[in-house]
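Welcome! Take a moment to look over the sequence and the model, and then let us walk through some of its features together.

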Amino acid sequence: MKNSDLLLRIESSMPFLSKSEKKVGEYILNNPKKVADMSTQSLSTACQVSEPTLIRFTRKLGFNGYREFKLQLSANLVSKQLENTPVRVDINDSAQEIYEKLTAFTIASLKSTVNTIDGNDLETAANYIYLASQKKHQIFLSGMGASTVLIKEFQIKMMRLNIQTVFYEDIHLRLEACTNLKKDDLFICFTTLGSSKENYELIDIAHSRNAKIIIITQYGNSKTSEKADITLYTSVIENNLRLASQTSIVLQSMIIDTIFLIIALKDYKTISKDVQETKELFHRLGHTVI
């Protein structure tokens, strides 16, 4: 059954559920939007069932647990929302119409990602990066195709925090350098669909070296994240033309900005002082700070 049929899947399963599990199913069917923002404790309380019952319910639907179920429910709700979003680009559309449709789609996807991304995982990912830098561990970056744009953006943001990262555009050099990873080094991979075999090869190497692994990818790409310590999921369905991954780049860029700010706020006074000194230096040299 397709992801967008999750609520229908619950309805179909109702006759096969226990009495307490049916309470959960009925509550979700009547309050899907509310449930998307509820914790296991709050939902089990609302349904008057135990948390283990809630976990059993999600596993009967084929999920590993409540978190995976909630992510899918959020994606399901967004999918229905996107059905009413004017994102189908037509060959006869004007420039203004194309812009409006892509904007509407991007906004819907940004709102969707608020539900599919986990705040605790964001905080943990930022802490991994911060601690790796503090302990002088290597931070190794990878991504193929359009993802290299995101890597460059990430490198610049980290440089402004005095955090050094490693990235080789040549895939052979990247593979060779990846073999130098050591325990507790950090491997960060940007990928949308996880279709590049090179990413899997690099992830396997990083995993074998006991490096910590962070993956930024589209929700549903579970294969790429199997060996990850942290996976940050975006929620996006590409527009009908599929000529480029415009929206996925915007979403992953937002994650980069969020991580940048989380780390910057750990030592805001020092960062602010460094930024001001940089501006003053550029001003003395006659340059404009970008």
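Glutamate 201 is partly exposed, with a relative accessibility of 31%. This is a predicted model, so please read what follows with that in mind. The partner of glutamate 201 is lysine 197, and their side chains form a salt bridge with 3.1 Å from N to O. Both residues belong to helix 11, which covers residues 197–208, and they sit four residues apart, about one turn of the helix. Lysine 197 is exposed, at 53% relative accessible area.

Helix 11 also holds aspartate 204, which pairs with lysine 227 from the loop between strand 3 and strand 4, so this pair ties together parts that are 23 residues apart in sequence. Lysine 227 is partly exposed at 34% relative accessibility, and aspartate 204 is partly exposed at 36%.

Lysine 152 is partly exposed, with a relative accessible area of 38%, whereas glutamate 169 is exposed, at 55%.

## The largest nonpolar core

Now let us turn to the nonpolar residues. The largest nonpolar core has 30 residues, and Ile129, Ile188 and Leu232 touch the most other members. Among the elements that give two or more residues to this core are helix 8 (119–134), strand 2 (186–190), strand 4 (230–234) and helix 12 (246–264). Helix 12 gives the most, with seven residues.

Which residues does isoleucine 129 touch, not counting residues up to four places away in sequence? They are Ile139, Phe154, Met158, Ile163, Leu186, Ile188, Ile214, Ile259 and Ile263. A second, separate core has 22 residues, including Met14, Ile28, Cys47 and Phe69.

## A buried aspartate

Finally, have a look at aspartate 121, which is found in helix 8. Is aspartate 121 buried or exposed? Its relative accessible area is 15%, and because buried means under 20%, aspartate 121 counts as buried. Leaving aside neighbours within four places in sequence, aspartate 121 is in contact with Arg67, Ile230, Thr231 and Leu232.

Notes
Residues numbered from 1 in each chain as written. Predicted model: local features only at pLDDT ≥ 70, side-chain atom pairs only at ≥ 80, totals over all residues. Heavy atoms only, no water. Core = buried A, V, L, I, M, F, W, Y, C linked by side-chain atoms within 4.5 Å. Buried < 20%, exposed > 50% of the residue type's maximum accessible area, 1.4 Å probe, protein only. Contact = heavy atoms within 4.5 Å. Salt bridge = Lys/Arg side-chain N within 4 Å of Asp/Glu carboxyl O.
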